[in-house]
Amino acid sequence: MTTDKTLFILSSFCIFVGIVFSLSLPVFTNIFFGYSELHFFVRQFGVGMISILIMWLLSQLDPDKFLTYIGFTIFLSCLFLMGIMHYLPESLVTSAGGAKRWIRLPGFSFAPVEFFKIGFVYFLAWSFARKLDAKKKSLKEEIKLILPYVAVFILVIYLIAIMQNDLGQVVVLALTLAVMAFFAGTSLRLFMLAIIASVIVFSIAIFTSEHRILRIKVWWGTIQNMVLSFLPQNIADVLRVDNAPEPYQISHSLNAINHGGIFGEGVGSGLFKLGFLSEVHTDFVLSGISEEIGFIGLSIITVSIFLIVYRIFKISNRSKNRVYYLFSLGIGLLIVFSFLMNSYGITSLTPIKGIAVPFISYGGSSLLALSVGIGMVLMVSKKANL
């Protein structure tokens, strides 16, 4: 059996795209903070090369011997780190918005949550393969089976959404859990019940947090005129939010995309990265890329991402081992949901969640974690009938 070389090549290509734009996009950030013009590029290049090496090294291993060990090591160690990091001194952790999200190590920092997502998917795949099947059960029996996972996920919500103030990652994991459970053998009625319960929980999480309410208002202020134009006047008057915060970031994001047109302004020639779009190399990287290489360039990147997902789903579908099948499915879902949440956010279709674009956004933790996930799928591909 051979490794899926197409998946490896596509993933490496997307990593190189991220490296190129880590040089082009953070121009204003370098000037503002007094960094070298190569500050972000050198770091992303180094992490990118390590990530490609990790994918290749993991692809050489036998999944029957190593997949369980790697999966549980990542899951348990990152769960432990997320549990203790909030009690570590400021000298060992880096905060964002008052929440401790990164652990400082000599020379670099890393976010345990990025690696935890990979471990969590493996834990679900391993457990679902043993506990769930397609045999017909009553709703009560299904709920009993799924309750332990609900308990684990409540802990995940506490550690990520509450302690790290990062609801976006929880949304990605919740969607992944629900779809994996459905493909593991739960019924459609339980799946729909889980979706309804999730909507209720996330609504509570949003409306009990001032900054999340503000994000919703900013998002609604962007799209309300278009949406309300389709509704009767009396309903539109009730739903309209007056004096909504000015959605500067979304406006600049949409203008950057529009300015890029079909062919773009050329790599390095974007204007909106010059102080108009903050986080243009991370959260709004697709907007900055769209301005510089246009609709055609962005389409090539989008097609590449979805070809990666297609190859992962193909590996999943061709795997006879249920753990391999569910794990590959879960990694593909993580990539799909992360990409869609970011792209929908920067175009105002949904509120911005601060989710990194897989392979493309600047950031060592997200890229290294994803390379581990892809490497494990490549490992599995040797056992799939491709």
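Modeller: Helices (DSSP runs of H or I, at least four residues) and strands (E, at least two) are numbered from the N terminus. V42, for instance, lies in helix α3, residues 39-59. This is a predicted model, where local features need pLDDT of at least 70 and side-chain atom pairs count only at pLDDT 80 or more, while totals for chains, interfaces and linings use all residues. Residues are numbered from 1 along each chain as its sequence is written, and side-chain values use heavy atoms, leaving out hydrogens and water.

Colleague: Good to know! How many helices and strands are there in the chain?

Modeller: The chain holds 14 helices and three strands. Its C-alpha trace spans about 55 × 50 × 45 Å along the principal axes.

Colleague: And what radius of gyration does the chain have?

Modeller: That value is taken over C-alpha atoms, and the globule rule is 2.2 Å times the number of residues to the power 0.38. For 386 residues a compact globule would come near 21 Å, and the chain agrees with its 21 Å.

Colleague: What share of the residues is buried?

Modeller: Buried means under 20% relative accessible area, exposed over 50%, and partly exposed in between (1.4 Å probe, protein chains only). Of the 386 residues in the chain, 49% are buried. V42 is partly exposed, because its relative accessible area is 48%.

Colleague: Is D4 buried or exposed?

Modeller: D4 counts as buried because its relative accessible area is 3%. It is found in the segment before α1 (5-24). Although D4 and V380 are 376 residues apart along the chain, their C-alpha atoms are separated by 9.3 Å.

Colleague: Which residues does D4 touch?

Modeller: Contact means heavy atoms within 4.5 Å. Leaving aside residues up to four places away in sequence, D4 touches R311, I315, L378, S381 and L386. Across the chain, 74% of the contacts with a separation of 6 or more join residues 24 or more positions apart.

Colleague: At what angle do the axes of α12 and α14 cross?

Modeller: Axes are lines fitted to C-alpha atoms, for helices over the stretch in contact, with angles from 0 to 180 degrees between N-to-C directions. Helix α12 (residues 285-317) and α14 have axes that come within 10 Å and cross at roughly 45°. Under 35 degrees is roughly parallel, over 145 roughly antiparallel, 65 to 115 roughly perpendicular, and the rest oblique. So α12 and α14 are oblique to each other. I308, I312 and I315 in α12 meet I374, V377, V380 and S381 in α14. By class, that contact has six nonpolar residues, one polar and no charged. Here Ala, Val, Leu, Ile, Met, Phe, Trp, Tyr, Cys and Pro are nonpolar, Asp, Glu, Lys and Arg charged, and the others, Gly among them, polar.

Colleague: What about α6 and α8: how do their axes cross?

Modeller: The axes of α6 (residues 139-162) and α8 (residues 188-207) come within 11 Å and cross at roughly 30°. In α6, L139, E142, I143, I146 and I157 meet R189, L190, L193 and V201 of α8. This contact has seven nonpolar, no polar and two charged residues.

Colleague: Lastly, where does F359 lie?

Modeller: F359 sits in the loop between α13 (322-346) and α14 (364-381). Its phi is positive, about 75°, although F359 is not a glycine. F359 is buried, with a relative accessible area of 4%.
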